[in-house]
Amino acid sequence: MPREAEPSLNERQFVLQALTENLRLDGREFDKYRPLELTFGDEYGVADVTLGKTRVLAKTSAEVTVPYVDRPLDGIFTIATELSPMTSPAFELNRPTETEVLLSRLIEKTVRRSGAMDTESLCLVAGQKCWSVRVDVHVLSHDGNLTDAACFAVVAALRHFRKPDTSMEGGVLTVYTPAEREPVPLSWLHSPFCVTWSFYGEEGEIALLDASWSEEQIRVGSCTISLNRHGEICQIAKLGGTPVEAVALLQCTNVALTKVKEFSTFLDKKLAEDAKRRDKGGLMAELSAENDR
Amino acid sequence: MTTESLLVLPGDEIDPSLIPTHKKNPLRLGPGLRHVPPNHILPTVAGQLVADHRKTSLYVEYNGGRYIPSVSDLVIGQVTRSAADLYYVNLNPYTPNASLPHLAFEGATKKTRPQLAPGALVYARISLANRHMDPELECVSATTGKAEGLGPLTGGMIFDISLGLARRLLMARSREAGGIAVLELLGAEGLAFETAVGRNGKVWVGSENTKTVVLVGRALKETDEKGLDVEQQKKLVQKLIKQMR
Amino acid sequence: MPATREPEADLSVLPKADGSARYSYAGYTVTGSVNGPIEAQRRDEHAYEAHVDVIVRPAAGVGGTRERHLETTLQSSLTQLILVKNFPRSLIQIVLQVESAPENDYVNTKLVQASLNFAIIPALLQTAVLALLSAAVPMRATATSAIVAVVSQDGASELVADPSPREVEAAQSVHVLAFTSQDELLLAESEGDFTVKEWDDVYDTAKRICCQSGATKGESIEMVLDEKGDNGPDMRQFLRSTLETKVVADLYWK
């Protein structure tokens with residue numbers, strides 16, 4: 001496995017110098033994201049997210065299985081984030097790197113542990129049958145800020161997903177194929193998003209949003225804040241690095257909230273557009289089994 | 001110029017009438033072609049077949065892919081480490097290092113050789129490239145003993161560009177033959193900067209002014225990614241200059 | 001969702017890889033990336049040629065033995081195409097990420113253990129070839145691939161090109177063939193019961209799909225038109241026009 005290229009001394013020096021002069025290499029302001037794009041696939045539950053040159057594909061799938069013995073009333077919900085050599089030849093299959101572990105931990109904490117999805121609704125027969133929902137995150141291209149892009153893709157894919165409809169009659173469970181009954185959406189409680197700050201300078205006094213790959217390479221610390229648009233914080237992770245002023249962190253959280261609100265609105269808009277595209281002759285409104293939460 | 005062009009894919013038959021012939025000069029095959037004995041010439045990449053009847057040469061013009069070292073190319077490398085009498089220099093991420101002897105600098109002796117730390121950049125020429133060996137570099141001309149612009153690059157910033165753009169920037173008449181005028185235009189706007197173009201898809205830009213370097217880098221990247229022609233490059237340069245002021 | 005009838009492809013879709021392609025046809029969408037020649041690991045290093053590493057990743061679930069099988073099949077075919085002797089001791093890494101495969105609306109599939117069947121080989125091979133061309137990796141020839149199923153109806157067997165998942169399930173035998181641009185057979189994989197006669201027919205049909213380009217090959221166009229019904233798309237012509245777009249875009253400055 002070839003090693004990841006390190007930035008040259010010139011690059012390190014120059015990027016820092018430029019940052020002290022309020023300049024980023026791509027001309028962005030410090031608190032600006034690169035253009036975020038989202039496309040849904042033809043199938044339900046496929047979200048393709050591009051953030052500048054970073055591109056992440058998330059695919060949701062579901063199957064009926066047996067629940068865990070210690071959680072008979074809960075369904076199973078897993079998020080798989082495996083980085084393949086497509087992301088960078090420095091990654092190898094079945095040998096997780098630090099990047100990969102951190103990415104999967106952050107997304108796990110943000111989406112799964114924050115109770116974004118109602119896992120109890122995935123239970124079909126207590127202790128015997130439940131849905132297992134799985135999201136596969138495929139990083140196609142890595143140009144920095146994987147966490148935010150991947151988290152957005154996961155949330156988008158899950159909200160777009162429809163699982164096959166089921167019914168219980170006389171103790172017999174029937175799972176309908178898509179041809180028989182229109183699939184139903186997951187029961188979704190809130191949409192958390194990640195916002196990652198990167199810190200530069202001796203005391204981490206310079207903070208950047210959405211660092212590109214070359215910027216990430218030379219940061220002295222980073223902090224990922226996950227929250228939803230109501231301002232409820234799911235997790236804050238600052239994993240080592242240079243200490244940062246508490247007041248600065250508070251400021252970061254405030255900016256993160258405005259970004260999350262933007263993400264939220266953007267996703268809602270895209271979902272609505274997609275629903276319109278799929279809505280053939282207005283049949284969807286009648287068939288929809290969604291309940292207002 | 002007596003050139004003709006045609007799209008070729010790997011393994012395509014080349015129409016014999018396109019192959020230039022000359023009474024005395026042998027045919028010279030450029031990149032993207034291979035000779036299969038006894039008398040087949042086959043393309044190995046997808047691109048435009050260019051035949052130059054005046055030079056009796058034939059090659060395939062294409063862009064993209066990974067840089068493959070070839071002798072006398074000018075490249076920008078990054079020092080990974082120093083050994084007893086040579087530096088290991090990386091030309092391209094994930095590829096084996098090239099070697100640059102400590103004494104391959106202008107006027108270098110054991111005592112006066114430049115000291116390069118890991119991560120330093122050098123502008124060098126490829127002195128040996130062979131598929132069975134790692135490439136070797138030099139920062140001094142073997143014939144004149146002069147550096148001729150090669151050597152360590154201090155300060156400044158390095159930008160990644162496509163191999164095609166690097167080739168065009170290195171053309172003797174880059175504006176006319178390569179359709180690339182962005183550096184010229186930026187210079188005409190009064191920006192003071194210097195550049196070094198590596199055939200391995202890297203451009204080093206140096207200037208007293210940080211803003212200038214950022215601007216030149218952005219102009220190059222945008223020209224490369226969006227495939228701008230000379231007119232569009234003019235507009236881009238004007239837009240960027242305006243933004244800076 | 002309706003499967004795309006015409007093949008579609010985009011080249012160089014991934015900015016960070018040396019070469020990449022996104023290909024979709026008959027319900028399959030695959031994105032492939034190529035990096036190389038790069039440094040090979042000790043265990044993969046060959047003294048005289050490049051190691052071609054193929055990784056197939058299913059859209060959902062973890063890969064298993066089926067994916068490994070597909071990888072070996074593709075690896076041996078692609079090693080034949082790439083001029084591996086040009087890059088001794090190096091590695092050419094091809095990653096094929098399946099984005100979507102046609103779903104059988106009448107069956108709920110098991111998903112945690114992905115099970116790619118070999119009907120996906122043409123899409124994978126085509127993506128790999130396009131990505132290799134986009135990465136400008138020197139090759140001996142290009143290749144095109146087709147899948148043909150033998151379906152028996154009322155005692156008579158019929159050939160179906162690009163069968164749907166349901167047809168694959170119902171078919172007596174399924175065959176995947178690939179041809180190089182020099183009309184040589186590159187790959188032949190079969191599954192099911194079939195006779196030599198059937199295989200010959202399959203061979204002819206697949207060859208017609210892969211190698212038709214009647215006009216450029218100097219064969220009479222009528223020959224192609226004579227055949228009844230759906231011949232499937234002209235894969236070779238498709239490959240050429242896709243590449244033409246790329247080359248024209250790359251050399252816009254000429």
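Predicted model: local features only at pLDDT ≥ 70, side-chain atom pairs only at ≥ 80, totals over all residues.
View 1. In contact here (heavy atoms within 4.5 Å) are 38 residues of chain B and 36 residues of chain C.

**View 2. Charged and polar pairs between chain B and chain C.** Here we find three salt bridges across the interface, each a side-chain nitrogen of Lys or Arg within 4 Å of a carboxyl oxygen of Asp or Glu. One of them joins C:Arg89 to B:Asp134 (3.9 Å, N to O).

**View 3. A domain from the UniProt record on chain B.** An unreviewed UniProt entry places "domain: Exosome complex exonuclease Rrp40 N-terminal" at residues 27-66 of chain B; such annotations may be inferred rather than shown by experiment, and positions follow the numbering used here, with feature names shortened. Residues 27-66 of chain B are 0% helix and 52% strand (DSSP runs; helices H or I, at least four residues; strands E, at least two). The end C-alpha atoms of this stretch are 27 Å apart.

**Notes for all views.** Residues are numbered from 1 along each chain as its sequence is written, and chains are lettered from A in the order in which they are written. Local features need pLDDT of at least 70, side-chain atom pairs count only at pLDDT 80 or more, totals for chains, interfaces and linings use all residues, and side-chain values use heavy atoms, leaving out hydrogens and water.

Definitions and conventions:
Polar contact = N/O pair within 3.5 Å; in protein donor to acceptor, adjacent residues only side chain to side chain.
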